[in-house]
Amino acid sequence: MSYIRDQVVVLKKMSIREWDRQYFLYGKEHGLLYAVARGAMKLSAKQASQLEPFTFADVMIAKGRAYDHLAVAVRGKANKRFNAVGAYAVAGAFSDLCLKLLKPGVADERIYRLWEELAGILAQFKVEISPVRAQMVFSAVSLRLLDLLGYGPYFRACAHCGQVTGPTEVYYAPDRNGLICVDCRPSVTEALIRVPAHAMNLMQFLRSASLTDVMRVTAQVDLIETVIVMTREICKHAPLDREPHGFRSIAELITNHQAPITN
Ligand SMILES: [Zn+2]
């Protein structure tokens, strides 16, 4: 029997049959991995507890004919404890996006590193984080993933005239996943989203800055919301069968959790 060893982040776990669990993992060296732990006897309770979603672990997986079998799991060093429901909401949303976009057999260590970076930031989330800030972090990490996979937007020049766009406002063209400059706007008939210069700067910052720096951003809520709207449109250029649920679920989870109990 052949084995693979890897450092992984747990994206999701699912119960299958009474005692078995299926794990969806992203490995530093092997990329997306599916592995089944058969029965409580096979994986000790201690090992299983080290494989909760969004934890990091060192695993050994036995390659099987029907499915791969999780043989050993040891908690990794990169683990961080989350304190806020917003942290679980963002991690869950990003896990959903990863599972929809990534395919087994294609490894990219940068995606594993992105998860390490994200987990470090989510551990710093305070309980009272606002939905819009949590969505901004989700937008930033989603844009970084889309850029790594080649689905990111092209913002260097106007998609109509090819000129570098000006320092003032521009327009995002969802159909082209690119920009239209102020001069070209009257001659373009497709739907456009107006993007003030500050929103464009914020957008480019989210794509290129570390998540630590993203957490330090102070910006007006309407600018952040413009960037979130653009990110939702940009996601439509990735091969997704439906919109990533994070743009809805993060706000719902945080708002419901923070709502005072009245009865
Ligand atoms: Zn133009």
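Which residue in strand 8 does tyrosine 154 stand opposite? In this predicted model, tyrosine 154 faces glycine 178 of strand 8.

Strand 6 and strand 8, the latter covering residues 178-180, pair in the parallel sense over two bridges. Both belong to an open sheet of four strands with mixed pairing and the order 6-8-7-9. Its edge strands are strand 6 (154-158) and strand 9 (193-195), each of which pairs on one side only. On average, neighbouring strands of this sheet are turned by 35 degrees against each other, with direction ignored.

Two helices pack on the sheet. Helix 6 (residues 197-208) touches strand 6, strand 7 (170-173), strand 8 and strand 9, and its direction makes about 140 degrees with that of strand 6. Helix 8 (residues 221-235) touches strand 6, strand 7 and strand 9, and its direction makes about 135 degrees with that of strand 9.

In one of them, phenylalanine 54 and tryptophan 115 have ring centres 6.2 Å apart and planes at 10 degrees, so the pair is stacked. Phenylalanine 54 lies in the loop between helix 2 (45-49) and strand 4 (56-62), and tryptophan 115 lies in helix 4 (residues 109-122); the pair therefore ties together parts that are 61 residues apart in sequence. Phenylalanine 54 is buried at a relative accessible area of 11%, and tryptophan 115 is buried at 2%. Together with Phe94, Phe54 and Trp115 form one aromatic cluster.

A ring also takes part in a contact with a charged side chain: lysine 12 lies over the face of phenylalanine 24, at 5.1 Å from the ring centre.

**Salt bridges**

The structure holds 13 salt bridges.

| Aspartate 96 | Lysine 100 | 2.7 Å |

Aspartate 96 and lysine 100 are separated by about one helical turn, because they are four residues apart in helix 3 (residues 85-101). Aspartate 96 counts as buried at 14% relative accessibility, whereas lysine 100 counts as partly exposed at 22%. Aspartate 108 is buried, with a relative accessible area of 15%.

Notes
Residues numbered from 1 in each chain as written. Predicted model: local features only at pLDDT ≥ 70, side-chain atom pairs only at ≥ 80, totals over all residues. Heavy atoms only, no water. Pairing = 2+ DSSP bridges. Axes fitted to C-alpha atoms, helices over the stretch in contact; angles between N-to-C directions. Contact = heavy atoms within 4.5 Å. Phe/Tyr/Trp six-rings, centres within 6.5 Å; stacked < 30°, edge-to-face > 60°. Buried < 20%, exposed > 50% of the residue type's maximum accessible area, 1.4 Å probe, protein only. Lys NZ or Arg CZ within 6 Å of the ring centre and 35° of its normal. Salt bridge = Lys/Arg side-chain N within 4 Å of Asp/Glu carboxyl O.
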